[in-house]
Amino acid sequence: MPEWSPGSWRSKPAAQQPAYASEAGLALAVSRLASLPPLVTTWEIELLKTQLAAAGRGERFLLQGGDCAEQFDECTADTITNKLKILLQMSLVLVQGCQKPVIRVGRFAGQYAKPRSEDFETRNGETLPSYRGDIVNRPGFSPAEREPDPQLLLRAYERSALTLNFVRALVKGGFADLHHPEYWDLDFAQHSALAGEYHDMARGVVESLRFMENVAGVRAGEMGWVDFFTSHEALHLVYEGSQTRRVPRREGWYNLSTHFPWLGMRTGGPEGAHVEYFRGIVNPIGIKVGPAMTADTFARLLDILHPHDEPGRLTLIHRFGRHQVAECLPPLIDCVRSSGKTVLWCCDPMHGNTRYTADGTKTRHFDDILSELEQSFAIHRSCGSRLGGVHFELTGEDVTECLGGARNLSDADLKRAYRSEVDPRLNYEQSLEMAMRIARMMGETA
Ligand code: PEP
Ligand code: CO
């Protein structure tokens, strides 16, 4: 393999990168970023890697979730706490179902760059660059808003730091203490149909925890106290490169903008710049795998990105859609088996199940999401592998972006509170219900 550096991706074709008008403006922003402190530490990254390795062995379960794209305007106390609350509630339900510790990874504190299927968008005869996430440009449809602005790289870094600072302070302050799930109650959810079942479960967990503590005579350590890790799609290579560093007393280069970067499906070609970038970092990484992936390409990705079979290094996040998972997943499982390598299998049941309503609104149906998950659990089981994680686009807010669920949201409901600028997210209730359904599935097969 040729020499790697944080900038060696520049010698390869880089898809999905914005075209900045001013090279000098970009260089200035990047040099500023490169001089700012990292957002995460190598200790945290290595801890997550250890936990992901355990999930690969079936000793833990991964819950990864958050917005499709974070928005600068939503970097507020309420939105952040609500996101933590729903992830905590879901993980509590999952702990009950799978009887294993759950690893919580947010799609947050840096999920600002979006791949787009078209470089340009045309409305009423006017053509402008596509919106690529708040780290690049703005969603409004005017030339000024759509112009890629290097200053937004700094704003994204700052928002990531603000988010992470608040998450860490909440967790350290006791917000994530399993003895007090009442901290995670969401005001608007009191009257939800699921509230009773959830509260029974929460009470059950607290009681078991207290029972165990009384028997053992010690307060539960790691089990009673939970962590959050961060993840985002490492799409904007200039940004990622500026936070890719070496630290004293450790081998290798770390992406210190997030614990767990993932490689998106649209930038996963083995000859491309993104794979070149991912090859050289030592973080645990995720790879999104969709229906277009061939066995040959997949085998090459395993060689390039997982050459030493390091435990916890590689999570495969498959996202085939309910109609294709049965056909596409078994060959991948075979391919991993014949490579002799260990990976963590995770299912993203969102991105293969996107559809449009009659009026062109982008949505997903709860039943399709659930069906892909059910099939994935069953396929892994029958192929002798194990689904060790789930990946959702969700929010702790009361939005109406996905169809179905306990309230059976319909096309007409989507108009009420559709807030995503990109993909539709499960709302608070749909997310909790999804966790309950997964817990049941895992409970039945444990
Ligand atoms: C995403 O996770 O938001 C995304 C774009 O996914 P994928 O690369 O799997 O399409
Ligand atoms: Co998305």
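Author: Here is a short chat about this structure, topic by topic. It is a predicted model, where local features need pLDDT of at least 70, side-chain atom pairs count only at pLDDT 80 or more, and totals for chains, interfaces and linings use all residues. Residues are numbered from 1 along each chain as its sequence is written, chains are lettered from A and ligands numbered from 1 in the order in which they are written, and side-chain values use heavy atoms, with hydrogens and water left out.

Reader: OK, metal then. What coordinates the cobalt ion (ligand 2)?

Author: The donors are C68 (SG), H351 (NE2), E393 (OE) and D423 (OD), at 2.1 to 2.4 Å. Donors here are N, O and S atoms within 2.8 Å of the metal (3.2 Å for Na, K and Ca), and water is not among the atoms, so sites may look incomplete.

Reader: What spacing do those donors follow along the chain?

Author: The pattern is C-x282-H-x41-E-x29-D. C68 sits in the loop between β1 (61-66) and α3 (77-98), while E393 is in strand β14 (residues 387-393), 325 residues apart. Helices (H or I, at least four residues) and strands (E, at least two) are DSSP runs, numbered from the N terminus.

Reader: And is C68 buried or exposed?

Author: C68 is buried, and E393 is too. Buried means under 20% relative accessible area, exposed over 50%, partly exposed in between (1.4 Å probe, protein chains only).

Reader: Now ligand 1. Which residues are closest?

Author: R107, K114, M265, K288 and R319, out of 13 that surround ligand 1; a residue counts as near if one of its heavy atoms lies within 4 Å. For polar contacts (N or O pairs within 3.5 Å), a side-chain N or O atom of K288 is 2.8 Å from an oxygen atom of ligand 1. R266 has a polar side-chain atom 2.9 Å from a ligand 1 oxygen, and for H351 that distance is 3.0 Å. H351 is also one of the cobalt donors.

Reader: How many disulfides are there?

Author: The count is 0, taking a disulfide as a pair of cysteine sulfur atoms within 2.5 Å.

Methods: A polar contact is a pair of N or O atoms within 3.5 Å; within protein, one must be able to donate a hydrogen and the other to accept it, and residues adjacent in sequence count only if both atoms are side-chain atoms.
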